[in-house]
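Please read these notes with the model open beside them. They are meant for someone who has not seen it before.

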Amino acid sequence: MKKFMKPFLLLLVSFFTIGRLAAQGAGSESAIGETMRSSGRIYVVVAVMLTILAGLVLYLIRLDRRISKLEKE
Amino acid sequence: MPWWLNFARLFMQPLPGQQMSNTKNYMYKSWWKVLSVVLLVYTFIAGILWKVPNLPALEETIRNLYFHVCMWFAMMILFTVSVINGIKYLRTFNIRYDIISRQYATTGILLGLLGYATGAIWMSYTWADPNNPAFQSFGALAREPKLIGTAIALLIYFAYLVLRDSIADMDKRARISAVYNIFAYAMLFPSIWIVPRLLPSLHPGQEGNPAMNFKDVDSSMRVVFYPAVIGWTLLGVWITTIKIRTGLLKEKKWQ
């Protein structure tokens with residue numbers, strides 16, 4: 001497991017840096033986008049979406065574990 | 001083993017001659033599940049927060065590219081895996097491939113339905129004509145060739161499940177459904193790739209492959225879009241492997 005973490009972190013970091021550079025070049029933004037970000041409310045949406053994703057992933061992990069246990073029997 | 005070789009093995013199944021040990025298979029590895037979660041978290045954060053190009057009519061809804069379009073990409077990939085395993089079944093008559101083929105098709109249908117539902121929401125806010133009454137507006141939207149084409153494609157896959165589950169004999173069921181799977185996969189191309197492009201449509205991507213064209217999608221969006229496709233596809237594969245493992249266990253129990 002640990003062996004694989006390094007390339008992932010690299011991948012993740014590279015995504016973020018490339019994305020930042022690209023986003024700066026994008027330029028003009030719609031009025032709605034600006035309001036959403038300036039009021040800070042858009043982070044609430046991100047938090048809700050991430051919570052749902054986390055719930056689904058935890059459920060999947062649990063299913064995975066359970067079936068692994070069954071396979072060992 | 002280097003990590004990229006492991007990644008390549010994700011798309012491979014053991015050959016019939018090989019011993020199918022339960023520990024070597026991609027289904028029992030966890031690294032790609034971690035990758036899927038990492039990419040999805042990245043998609044959700046970057047997809048909502050980063051700037052997108054300002055487009056007429058679409059405005060901020062272009063962010064749906066990271067969610068709606070990815071469903072179709074993942075569906076297509078899962079259906080491809082399904083048909084490959086169907087062909088493998090016909091070559092080897094190993095019931096294992098039948099189980100794999102069936103589960104990939106089911107998850108593909110699920111993603112297709114999600115793509116359809118999200119598309120319906122998106123279109124009702126961007127395509128609907130505010131000057132027309134709702135009913136007329138709906139009449140125009142219901143004639144969209146893309147909608148009809150995908151509906152036909154999904155119905156053909158529904159028929160795959162109905163056909164499978166109506167045959168009691170296991171070998172007969174596996175054989176007939178593998179052949180039907182090839183037909184269903186072949187029908188995907190005219191119904192969702194070819195015919196909608198020949199007819200006038202509001203859906204983007206009329207003159208090429210939507211979202212695949214480098215000139216179509218801004219570079220700031222591609223940085224999120226491609227990881228999103230990989231992340232969603234891997235999530236679909238994860239769900240499918242859990243179902244496959246359940247099927248294999250059930251199969252073992254009956255013998």
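This is a predicted model: local features need pLDDT of at least 70, side-chain atom pairs count only at pLDDT 80 or more; totals for chains, interfaces and linings use all residues.

Leaving aside its neighbours within four places in sequence, with which residues is B:Asp98 in contact?

1. Beyond its neighbours within four places in sequence, B:Asp98 is in contact with B:Tyr89, B:Ala174 and B:Ala178. B:Asp98 itself is placed in helix 4 of chain B.

2. Is B:Asp98 buried or exposed? A residue is buried if 20 or more other C-beta atoms lie within 10 Å of its own. B:Asp98 has 26 C-beta neighbours inside 10 Å and therefore counts as buried.

3. For a sense of distance, take B:Asp98 and B:Pro56. They are 42 residues apart in sequence, and their C-alpha atoms are 47 Å apart in space.

4. Two packed helices are described by the angle between their axes and the distance between the axes. In chain B, the axes of helix 3 (residues 68-92) and helix 4 (residues 95-126) come within 8 Å and cross at roughly 160 degrees. Angles over 145 degrees count as roughly antiparallel, so helix 3 of chain B and helix 4 of chain B are roughly antiparallel to each other.

5. The crossing in which helix 3 of chain B passes helix 4 of chain B is left-handed. The residues of this contact divide into 15 nonpolar, 12 polar and 2 charged.

6. Chain A has 3 helices and 0 strands, and its pattern along the sequence is α-α-α. How many of the residues of chain A count as buried? The share is 1% of the 73 residues of chain A.

How values were computed:
Residues are numbered from 1 along each chain as its sequence is written. Chains are lettered from A and ligands numbered from 1 in the order in which they are written. Axes are lines fitted to C-alpha atoms, for helices over the stretch in contact, and angles run from 0 to 180 degrees between N-to-C directions. Helices (H or I, at least four residues) and strands (E, at least two) are DSSP runs, numbered from the N terminus. Angles under 35 degrees count as roughly parallel, over 145 as roughly antiparallel, 65 to 115 as roughly perpendicular and the rest as oblique. A crossing is left-handed if the near helix is turned anticlockwise from the far one by less than a right angle, and right-handed if clockwise. Ala, Val, Leu, Ile, Met, Phe, Trp, Tyr, Cys and Pro count as nonpolar, Asp, Glu, Lys and Arg as charged, and the others, Gly among them, as polar. A residue is buried if 20 or more other C-beta atoms lie within 10 Å of its own, exposed if 12 or fewer, and partly exposed in between; C-beta atoms are placed from the backbone. Two residues are in contact if their C-beta atoms, placed from the backbone, lie within 7 Å.
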